[in-house]
Amino acid sequence: NETAAAALDERIETFVSWGEASRDAVPRLRASIVTDLPYLLSRIALNRYFYALGGGGGLATYEVEIVIVACVCAALTTPFDVARTRIFALSGGGSSGDGEERSNTGVWQVMKNV
């Protein structure tokens with residue numbers, strides 16, 4: 001039982017503390033919200049627009065409209081997805097490729113490069 005307890009203590013020490021995890025998560029959460037908002041808002045706006053045009057065409061028509069709206073919104077907001085991916089990759093303490101460490105890259109700084 002002592003070896004099991006020692007092994008458990010060793011495994012517990014390898015986990016990241018909650019304070020450290022939350023400190024790392026806050027910049028990622030902010031980037032996630034800022035980069036997801038354009039997609040979500042454009043989906044809502046275009047769905048309402050198609051519905052206002054005459055949303056009584058049946059289930060098949062509604063499904064086609066939803067797929068078209070999703071594809072248009074995804075195409076329009078791809079730069080935001082690229083920025084979010086770069087922020088998440090760089091916020092892990094990795095290098096940007098030019099030898100410079102970047103841990104807290106802002107959304108707008110990354111969007112300028114995209």
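F50 counts as partly exposed, because its relative accessibility is 26%; on this scale buried means under 20% relative accessible area, exposed over 50%, and partly exposed in between, with a 1.4 Å probe and protein chains only. The ring of F50 forms an aromatic pair with the ring of Y49. Rings of Phe, Tyr and Trp (its six-membered ring) pair if their centres lie within 6.5 Å; planes under 30 degrees apart count as stacked, over 60 as edge-to-face and the rest as tilted. By this rule the count comes to one aromatic pair. Y49 and F50 are edge-to-face, with 6.0 Å from centre to centre and 65° between the planes.

The model is predicted, and local features need a pLDDT of at least 70, side-chain atom pairs count only at pLDDT 80 or more, while totals for chains, interfaces and linings use all residues. Residues are numbered from 1 along each chain as its sequence is written, and side-chain values use heavy atoms, with hydrogens and water left out.

The pLDDT is the predictor's confidence in each residue, from 0 to 100. The protein averages 76, and 68% of the residues score at least 70. Over residues 94-104 the pLDDT is below 50; this stretch has 14 contacts in the model beyond near neighbours in sequence, a contact being heavy atoms within 4.5 Å. Where pLDDT is low, the predicted coordinates should not be read in detail.

Next comes the overall fold. The protein has five helices and zero strands; helices (H or I, at least four residues) and strands (E, at least two) are DSSP runs, numbered from the N terminus. Confidence is lowest in helix α1 (residues 2-14), at a mean of 68, and highest in helix α3 (residues 59-76), at 90. Among contacts with a separation of 6 or more, 64% are between residues 24 or more positions apart. Of the 114 residues in the protein, 17% are buried.

In one of them, the side chains of R84 and D36 meet at 2.6 Å, N to O. This pair links distant parts of the chain, with R84 in helix α4 (residues 78-90) and D36 in helix α2, 48 residues apart. R84 is buried because its relative accessible area is 17%, whereas D36, at 28%, counts as partly exposed.

R84 also meets D81 in a salt bridge of 2.8 Å, N to O. D81 and R84 are three residues apart in helix α4, so they are separated by about one helical turn. D81 is partly exposed, with a relative accessible area of 29%. Salt bridges that share partners join D36, D81 and R84 into one network.

Helix α2 (residues 18-54) also holds L29, which counts as exposed because its relative accessibility is 53%. L29 makes a nonpolar surface patch of about 570 Å² together with I33, L37, L40, L41 and I44. Patches are made of residues with over 30% relative accessible area and no salt bridge: like charges are joined within 9 Å, nonpolar side chains (Val, Leu, Ile, Met, Phe, Trp, Tyr) within 5 Å. Accessible areas come from the Shrake-Rupley method with a 1.4 Å probe; for residues, only the protein chains shown count as cover.

Definitions and conventions
A salt bridge is a side-chain nitrogen of Lys or Arg within 4 Å of a carboxyl oxygen of Asp or Glu.
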